[in-house]
Amino acid sequence: MSAVSRLSQFAALGKDTLIGMAGRGELDARFIWLAAKGATRYVGKVMAGQVASEDDATNAASACSSCPDRHERHTTQGGKAITIGYCGPKEEAGKTCGCLTFVTVNGLVRPAGKTLVSGETCTQEKWRT
Ligand code: SF4
Ligand SMILES: [Zn+2]
């Protein structure tokens, strides 16, 4: 099964179920972002086939995870340390867009939300997918 169809399968469970699964450690790290605030609009794009290449997604998530304008929320799920990354706490013209951009699980940075989608650009033009 492709990564996108696995993603669609999980996304179809709905946010409440996903949050419950994440809390019990039952949600694979690759899918934890589906339960995060701001995921919905990007789930729709991924499911519509707008998927970035793995290289572009990895490069974008890496830039966002070290960007001085990132905004992080920290939590633990199923014994794992989780960081949910956003482009700033909110939209600010020419600086941040407020979108979900990466998830770090036990120190490993993964693309999430905006960085998984093709045709997206960093507000400060540090990357494009
Ligand atoms: S999208 Fe650009 S400005 Fe926003 S957090 Fe990522 S690298 Fe920084
Ligand atoms: Zn955005």
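Read along the sequence, the protein runs α-α-α-α-β-β-β-β-β-β. That comes to four helices and six strands. Helices (H or I, at least four residues) and strands (E, at least two) are DSSP runs, numbered from the N terminus. This is a predicted model, in which local features need pLDDT of at least 70 and side-chain atom pairs count only at pLDDT 80 or more, while totals for chains, interfaces and linings use all residues. Residues are numbered from 1 along each chain as its sequence is written, and chains are lettered from A and ligands numbered from 1 in the order in which they are written.

**The whole protein**

Color by pLDDT, the predictor's confidence in each residue, from 0 to 100. The mean is 90, and 99% of the residues reach 70 or more. Select helix H1 (residues 3–11): confidence is lowest here, at a mean of 79. Then select strand E4 (residues 96–97), where it is highest, at 98. Where pLDDT is low, the predicted coordinates should not be read in detail.

Zoom out. Along the principal axes, the C-alpha atoms fill a box of roughly 40 × 30 × 25 Å. The radius of gyration is 14 Å, which agrees with the value near 14 Å for a compact globule of 129 residues. That radius is taken over C-alpha atoms, and the globule rule is 2.2 Å times the number of residues to the power 0.38.

Of the 129 residues, 36% are buried. Buried means that 20 or more other C-beta atoms lie within 10 Å of the residue's own; exposed means 12 or fewer, and partly exposed is in between, with C-beta atoms placed from the backbone. Now consider contacts with a separation of 6 or more: residues 24 or more positions apart account for 53% of them. A contact here means two C-beta atoms, placed from the backbone, within 7 Å.

Select strand E1 (71–77) and strand E2 (residues 80–86). They pair in the antiparallel sense over seven bridges. Two strands pair if DSSP finds at least two bridges between them. Click Arg73: its bridge partner in E2 is Ile84.

Move to the turn. Two residues lie between the strands of this hairpin, and Gly78 takes a positive phi near 55 degrees. Gly79 is also in the loop between E1 and E2. Gly79 counts as exposed because it has 7 C-beta neighbours inside 10 Å. Draw a distance from Gly79 to Gly23: the C-alpha atoms are 8.9 Å apart, although 56 residues separate the two along the chain.

**Strand E5 and its partners**

Select strand E5 (residues 100–105) next. Five of its six residues are buried, so the strand is largely enclosed by the rest of the structure. E5 pairs with E2 in the antiparallel sense over five bridges. Find Tyr86, which stands opposite Leu100 in E5.

E5 also joins strand E6 (residues 108–111), antiparallel, through four bridges. Here Val103 stands opposite Arg110 in E6. Arg30 sits in the loop between helix H2 (15–23) and helix H3 (40–47). Arg30 is partly exposed, with 16 other C-beta atoms within 10 Å.

Most residues other than glycine have a negative phi. Go to Asn106, in the loop between E5 and E6. Its phi is near 45 degrees, a positive value in a residue other than glycine. Asn106 is exposed, with 11 other C-beta atoms within 10 Å.

Jump to Glu125, in the segment after E6. Glu125 is not a glycine either, yet has a positive phi of about 55 degrees. With 7 C-beta neighbours inside 10 Å, Glu125 counts as exposed.

**Ligand 1**

Which residues surround ligand 1? Select Ala63, Cys64, Cys67, Asp69, Arg70, Cys87, Thr96, Thr101, Cys122, Thr123, Gln124 and Lys126. A residue is near a molecule if its C-beta atom, placed from the backbone, lies within 6 Å of it. By class, this shell has five nonpolar, four polar and three charged residues. Ala, Val, Leu, Ile, Met, Phe, Trp, Tyr, Cys and Pro count as nonpolar, Asp, Glu, Lys and Arg as charged, and the others, Gly among them, as polar.

Finish on Cys67, one of the residues around ligand 1. Cys67 lies in the loop between helix H4 (54–65) and strand E1. Cys67 counts as buried because it has 20 C-beta neighbours inside 10 Å. The C-alpha atoms of Cys67 and Gly88 are 9.5 Å apart, at 21 residues along the chain.
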